[in-house]
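Subject: Structure handover

Hello,

Here is the structure you will be working with. Please have it open while you read the notes that follow.

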Amino acid sequence: MAVGGEGEWVWEEDQIYDGIRQDATESIRRYRIVRNFNFRNIGALTKDLGIRKIHQTAVSADYPAKAALDCHFNNGTQKLVFIQGISGGSNIFVYNTTTNELGAAPTIANVDHPDMLMFADKLYIVDGTTLRAMDNSETITTPGESDYSNPCRFGVVYGNRLILAGNSTYPFSFFSSGIRNAAEWDVDLSVDVTGLHGETIECLGVCGPYMIVGGPKFTRAYYLGTASPGDWDWDELSHDVGPINHASYKAVSRNGEVYGFFWSEEGPMVL
């Protein structure tokens with residue numbers, strides 16, 4: 001199978017059946033419509049699996065959705081978790097085969113900008129007040145501690161650790177959990193990030209083997225070595241441009257290459 005310069009697909013087949021002319025020569029291109037495929041990987045035809053409803057009831061329109069994450073657990077369970085802007089009471093909703101408002105769950109404090117990510121087969125919600133985890137049975141726990149991890153506003157998974165930042169008391173630092181263990185926090189493993197402009201950390205991201213740390217006026221690439229949990233090296237990518245916030249960063253992988261896109265004060269940028 002070959003790909004033409006304009007994106008068309010070309011098949012060469014000596015014996016074509018099911019009503020197609022048998023006397024067509026190989027020099028004649030025979031076109032067919034290909035449905036539910038994409039060209040994301042150059043040189044390959046990738047099947048789109050489509051979409052399916054995980055529950056027949058629509059997401060509640062009574063309150064605005066502030067954050068959501070499609071959670072896939074190791075036991076095959078899939079749960080769509082929403083944080084919705086509800087005044088008072090629980091505001092965590094789980095959509096699976098049934099709709100479940102986690103009535104026993106506490107209200108997420110930072111409902112406008114909670115960060116949600118998967119780590120060690122659990123969903124973690126980072127809201128600047130209390131670090132929370134939810135397992136595949138929808139059990140909520142609070143694995144953080146009061147001084148360093150709980151006050152953080154955003155995070156990323158890197159090197160089998162949960163990395164958090166955005167602590168208003170320590171705005172220039174990021175904190176590492178234990179390996180696949182968000183209940184283990186050692187302040188001695190925290191890293192202070194000080195740039196030319198003395199800016200606070202406003203974004204964490206991953207780009208290939210590097211963890212990206214940035215703010216509106218700086219971007220750094222950190223790498224965790226193997227000598228110890230504190231064996232961090234870093235390169236200065238920019239001391240003038242960086243991501244304006246954590247939500248603006250998005251890593252994209254294509255054809256073996258990894259790119260980090262983010263929004264800066266000067267517009268869209270890419271690493």
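**Charged pairs**

Arginine 132 and aspartate 127 are both buried (buried means under 20% relative accessible area, exposed over 50%, and partly exposed in between, with a 1.4 Å probe and protein chains only). The two residues form a salt bridge in which the closest N and O atoms are 3.4 Å apart. A salt bridge here is a side-chain nitrogen of Lys or Arg within 4 Å of a carboxyl oxygen of Asp or Glu.

Before going on, note that this is a predicted model, in which local features need pLDDT of at least 70 and side-chain atom pairs count only at pLDDT 80 or more, while totals for chains, interfaces and linings use all residues. Residues are numbered from 1 along each chain as its sequence is written, and side-chain values use heavy atoms, with hydrogens and water left out.

Side chains of opposite charge can pair when their charged atoms come close. Searching the whole structure gives 5 salt bridges. One of them joins lysine 79 to glutamate 138, at 3.0 Å from N to O. This pair links distant parts of the chain, 59 residues apart: lysine 79 is in strand β6 (residues 78-84), and glutamate 138 is in the loop between β11 (132-134) and β12 (140-141). Strands (E, at least two residues) are DSSP runs, numbered from the N terminus. Lysine 79 and glutamate 138 are both buried.

Another salt bridge is between glutamate 236 and arginine 220, with 3.5 Å between the closest N and O atoms. Because glutamate 236 lies in strand β21 (residues 232-238) and arginine 220 in strand β20 (residues 218-224), the pair ties together parts that are 16 residues apart in sequence. Glutamate 236 counts as partly exposed, at 34% relative accessibility, whereas arginine 220 is buried, at 4%.

**A sheet of strands**

There is an open sheet of 3 strands in the order β22-β23-β24, with antiparallel pairing (two strands pair if DSSP finds at least two bridges between them). The edges are β22 (250-254) and β24 (267-270); each has a single partner strand, so one side of each is left without a neighbour in the sheet.

Strand β23 (residues 257-264) is joined to β22 by 5 bridges. Across this pairing, serine 253 stands opposite valine 258, and alanine 251 stands opposite glycine 260. β22 and β23 form a hairpin with 2 residues between them, and asparagine 255 in the turn has a positive phi of about 55 degrees.

Regards

Conventions. Helix = DSSP H or I, 4+ residues; strand = E, 2+ residues; numbered from the N terminus.
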